[in-house]
Structures are given as C-alpha cells and as structure tokens.
Amino acid sequence: MKAGIIPLTDASFKLSKQGQATRGLWLIFAHAKGCRFCAQAFPVVRSAASSLTASGVRVGQIDVVENSDINNEFRILVWPTYIFLYDGEFIGDHTHLGNVDEI
C-alpha cells in the first residue's frame, strides 16, 4: 500500500463512505489551519503514516473548519483530534497523541 496521508473534504469523505472506500482501519487527523497544536502534531502524523500504511491502515487528514460536516458528525471539540474508523464506522477518537509510538 502506498504510504502517505490522504487529503479529505466533506464531499470526498461522503463519497468514500458511499462507495465503500472507507473499508478497513482508518486514522483521520482532524485539524484546523492556524492551530499551533495541529502544526506541531502534523510532522508526527506524517512520520506515523509510513508505518501505518505499510500495515494496512489508511491515514487521512481534514481541515474541520473548512469541512464542518465531518466536524459535526464526529463532534470534534478540540484540535487536533485523531479519529479512528473501521469499515466506515466510528470506533474512537483521541486528542493528545504526542509521538509516533502513541499513534
């Protein structure tokens, strides 16, 4: 599987769910532009994406300010938030993952 972070929008995420592209395990990095905590977390997510995708986990990112549907669907109150999905279904989230091993 190709390593990398998949950029998501409200529209692409809805299409992915309808088309079954959300099969398997997903980690979605929900962030906001201008959020310093998000900016600090992004290099960690980028580092983790390589090993996660190699083990079959898909890693996505979404700006939840520009994409409020996902923000509302998952009730994101703190940035960044890490959303975990399996076969398109929410299985959990976390807000304070500080290093690659925690992700």
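Q: Where does P80 sit?
A: P80 is in the loop between helix 3 and strand 4. Keep in mind that this is a predicted model.

Q: Is R75 buried or exposed?
A: Exposed: its relative accessibility is 69%, and the cut-off for exposed is over 50%.

Q: Which other non-glycine has a positive phi of about 50°?
A: D87 has one. You'll find D87 in the loop between strand 4 and strand 5 (89-94). D87 is partly exposed, with a relative accessible area of 31%.

Q: OK, back up a bit. How many helices and strands are there in the chain?
A: Three helices and five strands. Starting at the N terminus, the order is β-α-β-α-β-α-β-β.

Q: And what share of the chain is buried?
A: 42% of the 103 residues count as buried.

Q: Let's do the core. Which residues in the largest nonpolar core touch the most other members?
A: F29, V45, L52, V59, Y82 and I103, out of 16 residues in that core. Strand 2 (25-31) and helix 2 (36-54) are the elements that give two or more residues to this core. Helix 2 gives the most, with seven residues.

Q: What's in the second core?
A: That one is separate and has 12 residues, including L8, W26, V64 and I70. As a general point, nonpolar side chains tend to be buried together in soluble globular proteins.

Q: Tell me about helix 2, then. What span should it have, and how far apart are its ends?
A: With 19 residues at 1.5 Å a residue, helix 2 should span 27 Å, and its end C-alpha atoms are 29 Å apart, which agrees.

Q: Where does helix 2 bend?
A: At A48, by about 30°. A48 is also one of the buried residues of helix 2.

Q: Which others are buried in helix 2?
A: Besides A48, helix 2 has C38, A41, V44, V45, A49, L52 and T53 buried.

Q: Why would residues three or four places apart in a helix point the same way?
A: An α-helix has 3.6 residues a turn, so residues at that spacing point the same way.

Q: What do the buried residues of helix 2 pack against?
A: They pack against strand 1 (5-7), strand 2, strand 3 (58-63) and strand 4 (81-86).

Q: And what comes just after helix 2?
A: G56, which takes a positive phi of about 95°.

Q: What's the volume of the largest pocket?
A: About 150 Å³. The lining has 12 residues, and F37, A41, P80, T95 and H96 lie nearest the centre.

Q: Switching to strand 4: is I83 buried or exposed?
A: I83, which is found in strand 4, counts as buried at 0% relative accessibility.

Q: What does I83 touch?
A: Not counting residues up to four places away in sequence, I83 touches W26, L27, I28, A30, F74, I76, F90, G92 and D93.

Q: Last one: where's E66?
A: E66 is in the loop between strand 3 and helix 3 (68-73). E66 counts as exposed, at 52% relative accessibility. E66 and K33 are 33 residues apart in sequence and 8.9 Å apart in space, C-alpha to C-alpha.

Notes
Residues numbered from 1 in each chain as written. Predicted model: local features only at pLDDT ≥ 70, side-chain atom pairs only at ≥ 80, totals over all residues. Heavy atoms only, no water. Core = buried A, V, L, I, M, F, W, Y, C linked by side-chain atoms within 4.5 Å. Buried < 20%, exposed > 50% of the residue type's maximum accessible area, 1.4 Å probe, protein only. Helix = DSSP H or I, 4+ residues; strand = E, 2+ residues; numbered from the N terminus. Expected span 1.5 Å × (residues − 1). Bend = angle between axes of the 7 residues up to and from the residue. Contact = heavy atoms within 4.5 Å. 1 Å grid on protein atoms, 1.4 Å probe; cavity = no way out; pocket = protein on both sides within 12 Å on 5 of 7 lines; lining within 4 Å. Points joined across faces, edges and corners; volume = space filled by probe spheres on them.
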